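This report describes one protein chain for a reader who has not seen it before. Please look at the sequence and the structure shown below.

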Amino acid sequence: MAKVLAGIALFALCVTSFAGYAATDDELWIMLQKAAVAARALSYEGIFVCQTGQQAKSVQITHLFDGRNEFARNVVLDGATREVLSQGSNLVIYNQKNEKIVIEKRRGQNMFPAILPLNFDTIKDNYSVHLSTHERVADRQAQVLFLEPKDRLRYSYKFWIDSEYGLLLRSVRFNQRSEIIESIGFNRLSLLNSVGLDWFTPKIDSKKNYVMEDEPVILPDGKLSVTWEIKELPAGYRKVDQMVRMVPGKPYPVMHMIFSDGLASVSLFIEPTNKSGKTKVALVTTGSTSFYAAVNNGHLVTAVGEVPEATVVQIANAVVISK
């Protein structure tokens, strides 16, 4: 991983500024790839604000790349205490719940500003990129790019990319009515020269009890008493992960699959319907997240993701269940 980052970083950081001339599509894709690499290969600290709907929160971020490994610490500055420490793709979350701090472990989550993938092959097939103006963000000059979907199965994006270092400074996501549904951007940013890791520790509150959340129980696929297949996924989406797991409060194993077009992702769950209660069938969108649940041959199929409603409906309806 470190060799990949170093190689791409050397390539990307050699790219010259695009100010003053009409860049080709290939050059714009390289600019986005530079932003993906810079988020992982640079060391920086700052504060960014994440706004979804009516909710906004400020987050303090410290990120270090020592040439081999990435380390990051995110501290939510508004509302309830929440702190996230990550090393590579491994995350440890310290989350305040009532009078205790629950410690959770996660894997494979991309956090701002590292929201762009290193591989753009799939994204190029499903989005077009356009150059816009220069603007100032967090007291730094930024080049503005638009990423627009080629169909109605994904959202569009506007990116502000640091003109000097290539780091993503701000990201805005739009729905199909061109309304802002999510905005994340730095209001303060500086690069780090130190390679010390003194900051890479959680802030301990001696008045709280710290409780480790139970690890999710992952089961072999054979533990799911159903035969299923996926047909006719939405264009550009492919399965990137699959597991069978026990979920707290549910008596049966749940199949969990993740589909992605390289930028947007959808989780799909298959589980037996609840025979003792009424199964809810629903299509709901809140902010940037769409949720769809339907009954399919005695099983509840649920799709949820930061995509348009049509995408979660198509993915859920692509499931063919046979007993």
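Where is the place of Gly-67? Gly-67 sits in the loop between strand E2 (55-65) and strand E3 (70-76). The model is predicted. Is Gly-67 buried or exposed, or partly exposed? Gly-67 is partly exposed because its relative accessible area is 38%, which lies between the cut-offs of 20% and 50%. Ala-41 is 26 residues away from Gly-67 along the chain, and the C-alpha atoms of the two are separated by 7.7 Å.

Confidence comes next. For the chain, the mean pLDDT is 87, and 87% of the residues reach 70 or more. Residues 1-17 have a pLDDT that stays under 50, and the model has 19 contacts beyond four places in sequence for them. Where pLDDT is low, the predicted coordinates should not be read in detail.

Another part to look at is strand E20, which covers residues 299-305. Six of its seven residues are buried, so strand E20 is mostly covered.

| Strand paired with E20 | Sense | Bridges | Residues opposite each other |
|---|---|---|---|
| E17 (residues 265-272) | antiparallel | seven | Glu-271 and Leu-300 |

E19 and E20 form a hairpin with two residues between the strands. In this hairpin, Asn-297 takes a positive phi near 50°.

Key. Residues numbered from 1 in each chain as written. Predicted model: local features only at pLDDT ≥ 70, side-chain atom pairs only at ≥ 80, totals over all residues. Heavy atoms only, no water. pLDDT = per-residue confidence, 0-100. Contact = heavy atoms within 4.5 Å. Buried < 20%, exposed > 50% of the residue type's maximum accessible area, 1.4 Å probe, protein only. Helix = DSSP H or I, 4+ residues; strand = E, 2+ residues; numbered from the N terminus. Pairing = 2+ DSSP bridges.
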